[in-house]
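Subject: Structure handover

Hello,

Here is the structure I promised to pass on. Please open it first, then read the notes below it.

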Amino acid sequence: MNVISSCSFACTASFIYRKRHKLSGAIVGLFCGWGCMVFVMMLWNYLITPFYMGYPRETVIELLIPAFLPFNLIKGGLNAAGTMILYKPVVTALQHSHFIETTQMTEKRRLHVGVLLTSLLIITTCILFILSLKDII
């Protein structure tokens with residue numbers, strides 16, 4: 001199910017980013033990938049969890065909203081935030097090592113402060129949500 005989760009996130013995000021190769025396209029792609037991943041994983045949790053964990057389907061239905069939805073939202077948020085933070089440094093390193101070619105469009109791009117702050121906000125929100133679920137805060 002991790003492969004399905006990762007593919008639904010990455011394929012959706014990359015498809016949108018390929019069509020709209022700008023910062024706004026990347027952000028829209030990541031958020032759409034996040035939403036697609038949550039939707040797909042809720043469906044797959046409904047279908048596969050009864051077989052994998054041996055629970056009756058009625059029990060899995062009761063767990064979808066309180067257990068599986070928060071987990072998938074947190075996982076997708078961390079995926080999106082991590083991608084926003086790491087994308088530019090990784091692409092720059094690959095360009096400097098000549099593993100990918102440098103174009104004029106990629107030379108002009110830089111890490112935007114807003115993207116970094118949004119990523120950190122998503123990560124902080126996910127961490128605080130986890131801590132609140134554990135009754136730590």
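First, the ground rules. This is a predicted model, where local features need pLDDT of at least 70 and side-chain atom pairs count only at pLDDT 80 or more, while totals for chains, interfaces and linings use all residues. Residues are numbered from 1 along each chain as its sequence is written, and side-chain values use heavy atoms, with hydrogens and water left out.

**Core**

The largest nonpolar core has 18 residues. Such a core is a set of buried Ala, Val, Leu, Ile, Met, Phe, Trp, Tyr and Cys residues joined through side-chain atoms within 4.5 Å. Buried means under 20% relative accessible area, exposed means over 50%, and partly exposed lies in between (1.4 Å probe, protein chains only). Phe9, Leu30, Trp34 and Ile122 have the most contacts inside the core. H1, helix H2 (23-53), H3 and helix H5 (113-133) each give two or more residues to it. The largest share, 7 residues, comes from H3. Helices here are DSSP runs (H or I, at least four residues), numbered from the N terminus.

**Phenylalanine 9 and serine 8**

Contact means heavy atoms within 4.5 Å. Neighbours within four places in sequence are left aside for both residues. Phenylalanine 9 touches Leu30, Gly33, Trp34, Met37, Gly76, Asn79, Ala80 and Thr83. Serine 8 lies in helix H1 (residues 2-19). Serine 8 is in contact with Gly33, Cys36, Met37 and Val40. At 10% relative accessibility, serine 8 counts as buried.

**Rings**

The whole structure has 2 aromatic pairs. Rings of Phe, Tyr and Trp (its six-membered ring) pair if their centres lie within 6.5 Å; planes under 30 degrees apart count as stacked, over 60 as edge-to-face and the rest as tilted. Tyrosine 17 and tyrosine 87 form an edge-to-face pair, 6.1 Å centre to centre with 80° between the planes. Tyrosine 17 lies in helix H1 and tyrosine 87 in helix H3 (residues 57-96), so the pair ties together parts that are 70 residues apart in sequence. Tyrosine 17 is buried at 14%, whereas tyrosine 87 is partly exposed at 36%.

**Cysteines**

How many disulfides does the structure hold? It holds 0, a disulfide being a pair of cysteine sulfur atoms within 2.5 Å. For cysteine 36, the nearest cysteine sulfur, that of cysteine 32, is 8.8 Å away. Cysteine 36 is partly exposed at 25%.

Best wishes
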